Number of protein chains: 2
Amino acid sequence: MSEPLKYLLDERDIPNHWYNIAADLPKPPPPPRHPATGAPCTADDLRPLFPDALIAQEMSAEREIAIPGEVRDILRLWRPSPLFRARRLERALDTPARIYYKYEGVSPAGSHKPNTAVPQAYYNKVEGVRRLATETGAGQWGSSLAMACNFFGLECKVFMVKVSFNHKPYRRALMETYGATVTASPSDETASGRSILAADPECPGSLGIAISEAVEVAAAREDTKYALGSVLNHVLLHQTVTGLECFKQMEMAGDEPDVIVGCTGGGSNFAGIAFPYIGRGLRGGRRPRVVAVEPDACPTLTRGRYAYDYGDTAKLTPLVKMHTLGSSFVPPGFHAGGLRYHGMAPLVSHVLDLGLIEAVSVAQLEIFEAGVQFARAEGIVPAPEACHAVAVAMKEALRCKAEGRPQAILFNLCGHGHFDMQAYIDYFGGKLRNYAYPEHEIAMALAGLPSIVD
Amino acid sequence: MSEPLKYLLDERDIPNHWYNIAADLPKPPPPPRHPATGAPCTADDLRPLFPDALIAQEMSAEREIAIPGEVRDILRLWRPSPLFRARRLERALDTPARIYYKYEGVSPAGSHKPNTAVPQAYYNKVEGVRRLATETGAGQWGSSLAMACNFFGLECKVFMVKVSFNHKPYRRALMETYGATVTASPSDETASGRSILAADPECPGSLGIAISEAVEVAAAREDTKYALGSVLNHVLLHQTVTGLECFKQMEMAGDEPDVIVGCTGGGSNFAGIAFPYIGRGLRGGRRPRVVAVEPDACPTLTRGRYAYDYGDTAKLTPLVKMHTLGSSFVPPGFHAGGLRYHGMAPLVSHVLDLGLIEAVSVAQLEIFEAGVQFARAEGIVPAPEACHAVAVAMKEALRCKAEGRPQAILFNLCGHGHFDMQAYIDYFGGKLRNYAYPEHEIAMALAGLPSIVD
C-alpha cells in the first residue's frame with residue numbers, strides 16, 4: 001500500500017482563478033461575427049443572451065480570472081476532484097507507462113458540466129436574471145444547469161432533444177428532481193420549433209434545433225438569459241479548474257504528464273484539462289503532447305473544415321470560426337450523446353490550427369471495448385463520451401510498451417456511465433456498429449457553409 | 001470558505017481492522033440453528049456455503065479482525081469515503097443541529113455494498129473457490145459482488161429477482177460489464193426455482209426465492225460458494241469500516257454525534273456506521289442515540305417478531321433469531337428494492353432487543369419528499385433506501401430546532417440514486433402511495449413461523 005492510487009486535495013485547494021489561454025496564444029483567435037452582417041460581434045450583440053460578466057469573460061485577454069467565493073462555495077460540494085493513478089489498468093496492459101486520470105464523475109450530476117453551470121448561474125443571478133434557458137442532448141448539461149439554477153434560486157428551462165426526451169427519461173427525472181422544466185425539442189413553444197414541426201411533425205430533434213429554441217426564448221424575454229454547456233470561451237475557461245488542480249496533484253505524485261488526452265464534443269472537458277498545460281508550455285514550460293479524441297461518426301476536428309459557421313440550425317447564433325461539419329449536419333444515432341455537435345469550440349479549433357494539439361477519431365466498438373476493460377481494471381464504468389479518452393489513453397500506453405518508453409499519460413475521465421447503461425446493453429447485445437462518413441457526405445455537409453472569408 | 005464541507009482521509013487511513021460488536025455485547029446473540037434439526041450450527045454446517053475464514057468471522061468473539069492488505073488495496077479505489085457536513089441542508093431547515101453524512105455512493109457500484117463484496121471475494125479466492133453464487137433484488141448487491149469477483153478473477157453467478165431483471169436492465173448491464181452471469185429468478189436451473197415455476201409460471205420472484213436458488217447452486221458444486229450482501233455477522237463486520245472512518249472524520253470536525261441514523265433492509269449499512277459507536281459506548285465511552293429506519297411497507301424491526309426464522313423461501317438456510325415478518329412474507333411493490341427483506345440481521349435484532357438502538361418506520365411519500373429536498377440542498381440525489389435515513393435525519397434536525405438543542409446528527413448516505421430515477425419519476429408522476437400493513441396481515445405472515453423456542 002505504499003504507492004498511492006489517489007491524489008486528493010483539500011477544498012481550500014480549489015483554484016482561486018480560472019486560466020484564460022487567450023492571454024498566452026501567439027495569435028488571437030478570430031472574433032465571432034454577427035449572424036446577419038458578418039461584422040465582428042460586440043458586447044452589445046451578446047447582451048440579449050448573456051450577462052455582462054460572462055460577455056467580459058468571453059472577450060477577455062486576461063490570463064487569470066478570479067473565481068468568486070460564492071462559486072467556490074458550491075464547487076466544493078464535490079471539488080477538488082480526485083486524480084487517480086490507474087495502477088490496475090497499467091498492470092492489465094503490462095505497460096511501462098504511468099496512467100493518470102482526473103475523475104470528474106464525482107460531481108452530483110456525474111460529469112464535469114457543473115464546473116461551468118455553477119458560475120453561469122451565479123453571474124446571471126448577480127445581474128438580476130430570473131430564468132435560464134438551455135438545450136440538452138443526452139441530459140448531462142441540462143441536469144448540471146438544473147442543479148446550479150436550483151442552488152441560486154433561478155428557474156431553469158431545458159429544451160431536450162426529442163429522441164432523448166423519449167428514450168432517456170432518467171436524466172430528465174434528474175433535471176426535474178432539481179426543479180427544472182424540461183420540454184421536448186422541437187416544441188411548439190418557439191417559432192424555430194414550430195417551423196421545424198410544420199416541415200416534419202415527426203422530427204426527432206437535434207442539438208442545433210434545441211439551441212435555436214433556447215436562444216429564441218432567451219432573446220424574447222427580459223428576465224431570461226441563455227446558457228451553453230460547451231463551445232464558448234467562457235465555458236472552456238470555467239473548466240480549467242480541472243487542469244489547474246492536476247498541476248498540484250501531479251506534483252503530489254512527483255510526476256509530469258508527457259501526453260494529455262481528452263474527448264471532444266464541444267471541447268470543454270478537453271480544454272479544461274489541456275489548456276492550463278498548453279499555456280504553461282507557451283510560457284516556456286514543459287510541453288506535453290495533447291490529444292483530442294472524437295468519434296468517427298462526428299469527426300469535426302479530423303474531417304471538418306476550419307471556417308466560420310453558425311452554432312445552431314436556425315442561424316440565430318453568432319458566426320464563429322471553428323472546425324465544423326456544417327450547421328445542417330446530423331450525426332447518425334450513436335450513443336455518445338455529448339459528442340454529437342456539428343462544430344467545435346473556436347478556441348480548441350484555433351489551437352489545433354496553431355499546431356498546439358493533435359486530433360484523432362475512434363470507432364464506436366473500440367471505445368466500448370476500452371470502457372469495459374477500464375471498468376474491469378479500475379471499477380469505474382465510464383460514460384460513453386469518456387470512453388473515447390480511455391480508448392486513446394490505452395492506445396498511448398500500448399505505444400509506450402511497444403517503444404519501451406515509460407511515459408506519463410494523463411486523461412480526463414469526464415463522467416461515469418451510470419446513466420448510460422443502455423449503451424452498454426446495446427454494445428453487449430451486438431446492436432452497435434462502427435460508422436465512418438463517406439467522403440462525399442462530408443463534402444455535401446460542408447457545401448452549405450456560409451461564405452465568409454476570414 | 002473557512003468552515004469545511006467535507007472531511008477527507010488519506011487512503012492510508014483506511015482502518016487496519018474491522019470492529020466486531022459481539023466482543024462488547026452484555027449478552028451473546030442467540031446462535032444460528034440447523035434448518036433440519038434445530039441444533040446450534042457448527043462450522044461444518046456452514047462449510048458448503050462459505051469459506052473457512054468467513055465462517056470464523058461469523059462466529060468470532062474477537063473485538064478486532066485484521067483487514068488483509070489485498071482487501072485494503074481494492075477498497076482504496078474509493079475509500080476512505082468522504083464525510084460531509086450538510087451545511088446547506090441545515091440552512092434550508094433553519095436548524096441549530098449539525099448534520100453530517102457519510103457518503104458511500106462514491107464506490108464504483110454507487111453504494112456501500114462493495115465494502116463486504118471485496119473481502120468475501122478475497123477470502124473465497126484464497127481458499128480456492130472458483131465461482132460465487134448470489135441473489136440480488138434491485139441489483140446493488142449483485143453489481144458489487146460482480147465487481148469484486150472480477151477483481152479477484154472469480155466467476156460470479158447472480159440470481160436476480162425476475163421483476164427487477166425485467167424492469168431494471170441497467171443494474172443488470174452493470175453486472176455484465178463486470179463480467180457476471182445474471183439469471184432471472186425463479187429459474188429452471190435449480191430445484192427450488194423449478195418447483196416455484198411449476199406452481200406459478202408467472203411468479204415475479206422474491207429475494208427469498210433468489211436466495212434459495214443461489215444457496216442450492218453453491219451447495220451443489222464443490223468449486224462454488226455462496227455470498228450474501230447483508231444480514232450475516234461477517235457482512236455487518238465488513239461494513240464497520242464506515243463507522244471506524246467516521247471516528248477519525250468526526251474528530252477532524254471537532255465534533256461527536258449525538259444521534260446516529262441509518263436505514264435498515266438486511267441491516268448492514270446501518271450496522272456499519274452504528275456498531276463502532278455502540279461498541280465504544282458499551283466500553284464506557286459516549287453513547288449517542290442510534291436510530292434504525294425502515295419502510296412502513298416492510299416493518300421488520302417495528303412490527304415483526306423477534307424469533308427464529310429461515311432466511312429464504314425454500315428453508316435451506318440456517319434458522320436465525322431475528323426480527324422477522326416470516327419467510328413467506330412478500331412486501332408490496334415499492335421502490336426501495338434494498339429494503340424488502342422479510343427478516344433483519346440477527347445482530348441488529350439483538351441490539352434492538354437489548355435496548356441499545358431505536359427503530360422507526362417511515363412512509364414512502366415522506367422519504368421521496370425528503371430525498372428531493374436533500375438533493376436540492378446538497379446536490380446528491382439519494383438512492384430510495386438512503387432516503388429513509390435522510391428523512392429521519394431531517395426529522396431529528398427539526399426536533400432539535402423545536403427543542404432549541406444544537407445536537408450533532410450523523411447518518412449513512414449509503415448510495416446515490418442514479419440507478420433509481422424511475423422511482424423518482426413515479427414519485428413526481430403521483431404513482432407512488434403510502435402502504436402500511438393492516439394488523440391481521442402481519443399476524444397471518446407471522447403465523448407461519450417455525451416453532452423453535454429460544
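In this predicted model, Asp255(B) forms a salt bridge with Arg98(B), and their closest N and O atoms are 2.5 Å apart. The partners come from distant parts of the chain, 157 residues apart: Asp255(B) belongs to the loop between α12 (241-252) and β10 (259-263) of chain B, and Arg98(B) to strand β5 (residues 98-103) of chain B. A salt bridge here is a side-chain nitrogen of Lys or Arg within 4 Å of a carboxyl oxygen of Asp or Glu. Helices (H or I, at least four residues) and strands (E, at least two) are DSSP runs, numbered from the N terminus. Asp255(B) is buried, with a relative accessible area of 12%, whereas Arg98(B), at 22%, counts as partly exposed. Buried means under 20% relative accessible area, exposed over 50%, and partly exposed in between (1.4 Å probe, protein chains only).

Residues are numbered from 1 along each chain as its sequence is written, and chains are lettered from A in the order in which they are written. Local features need pLDDT of at least 70, side-chain atom pairs count only at pLDDT 80 or more, and totals for chains, interfaces and linings use all residues, while side-chain values use heavy atoms, with hydrogens and water left out.

Further salt bridges can now be considered. The search of the whole structure finds 58 of them over all chains. One of these joins Asp223(B) to Arg130(B) at 3.6 Å, N to O. This pair also links distant parts of the chain, 93 residues apart, with Asp223(B) in the loop between α10 (207-220) and β9 (224-226) of chain B and Arg130(B) in the loop between α5 (114-126) and β6 (131-136) of chain B. Asp223(B) counts as buried at 18% relative accessibility. In chain A, Arg85(A) forms a salt bridge with Glu90(A), with the closest N and O atoms 2.5 Å apart, and both residues are buried. A network of salt bridges links Arg289(A), Glu358(A), Glu396(A), Arg399(A), Glu403(A) and Arg405(A).

Chain A contains 19 helices and 15 strands. Of its 454 residues, 66% count as buried. The C-alpha atoms of chain A fill a box of roughly 60 × 50 × 45 Å along the principal axes.

Strand β5 (residues 98-103) of chain A is mostly covered, five of its six residues being buried. It pairs with strand β4 (residues 83-85) of chain A in the antiparallel sense over three bridges, and with β15(A) in the parallel sense over six bridges. Two strands are taken to pair if DSSP finds at least two bridges between them. Lys102(A) is the bridge partner of Leu83(A) and also stands opposite Asn412(A) in β15(A).

A separate group of four strands forms an open sheet in chain A, in the order β8-β7-β6-β9 and with parallel pairing. Its edge strands, β8 (181-185) and β9 (224-226), each pair on one side only. Within this sheet, β6 (residues 131-136) and β7 (residues 155-161) of chain A pair over six bridges, and Leu132(A) has Cys156(A) as its bridge partner in β7(A).

Aromatic rings supply another set of contacts. Rings of Phe, Tyr and Trp (its six-membered ring) pair if their centres lie within 6.5 Å; planes under 30 degrees apart count as stacked, over 60 as edge-to-face and the rest as tilted. By this rule the count comes to 27 aromatic pairs over all chains. Phe374(A) and Phe411(A) form an edge-to-face pair, at 6.1 Å centre to centre and 75° between the planes. Phe374(A) lies in helix α16 (residues 364-378) of chain A and Phe411(A) in strand β15 (residues 408-413) of chain A, so the pair ties together parts that are 37 residues apart in sequence. Both Phe374(A) and Phe411(A) are buried. In chain B, the ring centres of Phe368(B) and Tyr427(B) are 5.5 Å apart and their planes are at 20°, so this pair is stacked. Ring pairs also link Phe84(A), Tyr101(A), Tyr103(A), Phe374(A) and Phe411(A) into a cluster.
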